[in-house]
Amino acid sequence: MSQRAAIYCRISEDRTGAGLGVERQREDCERLAERLGVAVVATYTDNDVSAYSGRTRAGYVALLDAMRAGDVDVVLSWHEDRLHRSPRELEDYIDACEPRAVVTHFAQAGQLDLSSASGRMTARIRGAVSRQESEHKSERIRRAQLQAAQAGKWLGGAPPFGWRVQADGSATLNRAEAREVRKASEAILAGASLGSIVADLNRRGVTTSTGRPWNYTSLRQVLERPRNAGLSMLRGEVVGKSTWPAIVSESTWRGVCAVLRDPSRKRSTSNRVRHLLAGIATCGAEGCGLPLKSASVTTSRPGTYRTVYRCPATGPGHVARDADALEAHVVGVLLGVLSKPENAPALAGEDAATSPEALRLEAVALRAQMGEAADMYAETKITGAQLAKINARLQERLDDAEAAMARTARGSALAWFAGRDPVKVWKSLSIDRKRDVVREVMTVRVLPSGRRGKVYDPDLVRIEPRGQQ
Ligand SMILES: [Zn+2]
């Protein structure tokens, strides 16, 4: 069976292949497919005028989804800069190629082997060079965009999910859509996976602003928009306050971005088997206290297994307990604690100096000071060297404040239980996040039982609030 190929074509104004029509790109790619002996199973096309339009490319998104779904073995495109427009897109593309070693061929520039480290490095360098050229070319456009961005104006394109854009370019919240953005942001902070949120949105018939079903890429793009936090941003930098109403707090938005960019996220959302209390519950044998490990043991029925938590130390007195029974017991107690309103403020545990609001105000103040320094430079009251020095100092503090905001938002999974149905929240959490919650709230000590393999006895487990044992 021949390999399945997808063709990707894009019309744009950039340097390479300026004005090259989609038809011509497609023909070249089809010839390439013949030469390689691969079967074209799909063709994806986008029409975007500038690499900086920042608009979602529906064809590109669909291509990546097909690659992730394993429907594509080979990608054919006319030239590398038809395919991805930014280093960010290249990284997403590399991720989509990796699991099945999808190979990319270009009608103009040969082959892109993203399965080797050196191939990835070459692609990254070429991407950086073509970006630099593209940036140079669009200098004028960019300046106009900067002005508009500083004024918080909408730069055009499809109406963004979460707002209604008025004729004068101002915007109001689309309440239903804004609620979805807020819910999804909070779910990400609580440890839910993008996939589970996509599935939930599509099941409820919620569509993107262009009426399409959600996918991994489109949801991620919506959640990472600075505008969600009322910030106006251009080329990776906050350039001012958006005139549009914010949907989430700046700390929530920064937390979401931090979670989505965390490289450990991939590992923690993998399908690796993890048990809720492994390494958390401890052995209650006299003088032991070792964390219990999960283990699979045979049951009295041949060929069947069950999971137990047991002490790594062997010998009389050290404990083993049925995993299902112990988990049900611990989760029952935990949800009981979390559903009591009087526990909520204590669980949130925020001190005033690092509260999201205090950090947000500090960031606003720092950005204002940077703006003032720029004004002073413009009025020749200070030199360029002085401006650079002031900015470096302020930027350092701003970086700290922004990092702290991301941390605060991430640490708020417990606070998130407040005022919500704890059972629902608990069910939505990933196993890693559940383990964090257990660890933060309580300690679990399993006491030795005289009998072996008998009925589970809750009296032989000590569950205590953390910090009070
Ligand atoms: Zn022990």
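**View 1. The buried residues of helix H1.** Gln25, Asp28, Cys29, Leu32 and Ala33 are the buried residues of H1 (buried means 20 or more other C-beta atoms within 10 Å of a residue's own, exposed means 12 or fewer, partly exposed lies in between, and C-beta atoms are placed from the backbone). They line one face of the helix, because they fall within an arc of 145° when seen down the axis of H1; the arc is that of the directions from the helix axis to the C-beta atoms. Glu23, Arg31 and Glu34 are exposed on the other side of H1. Please keep in mind that this is a predicted model, where local features need pLDDT of at least 70, side-chain atom pairs count only at pLDDT 80 or more, and totals for chains, interfaces and linings use all residues. Residues are numbered from 1 along each chain as its sequence is written.

**View 2. Helix H1 from end to end.** H1 covers residues 22-36, 15 residues in total, with helices (H or I, at least four residues) and strands (E, at least two) taken as DSSP runs numbered from the N terminus. From first C-alpha to last, H1 reaches 21 Å, close to the expected 21 Å (1.5 Å times one less than the number of residues). Just after H1 comes Gly37, with a positive phi of about 70°.

**View 3. Strand E1 and its partners.** Strand E1 (residues 4-11) has 6 of its 8 residues buried, so it is largely enclosed by the rest of the structure. E1 runs parallel to E2 (residues 39-47), joined by 8 bridges; strands pair if DSSP finds at least two bridges between them. Arg10 has Asp46 in E2 as its bridge partner. E1 also pairs with E3 (residues 74-77) in the parallel sense, over 4 bridges, and here Ala5 is partnered by Val74.
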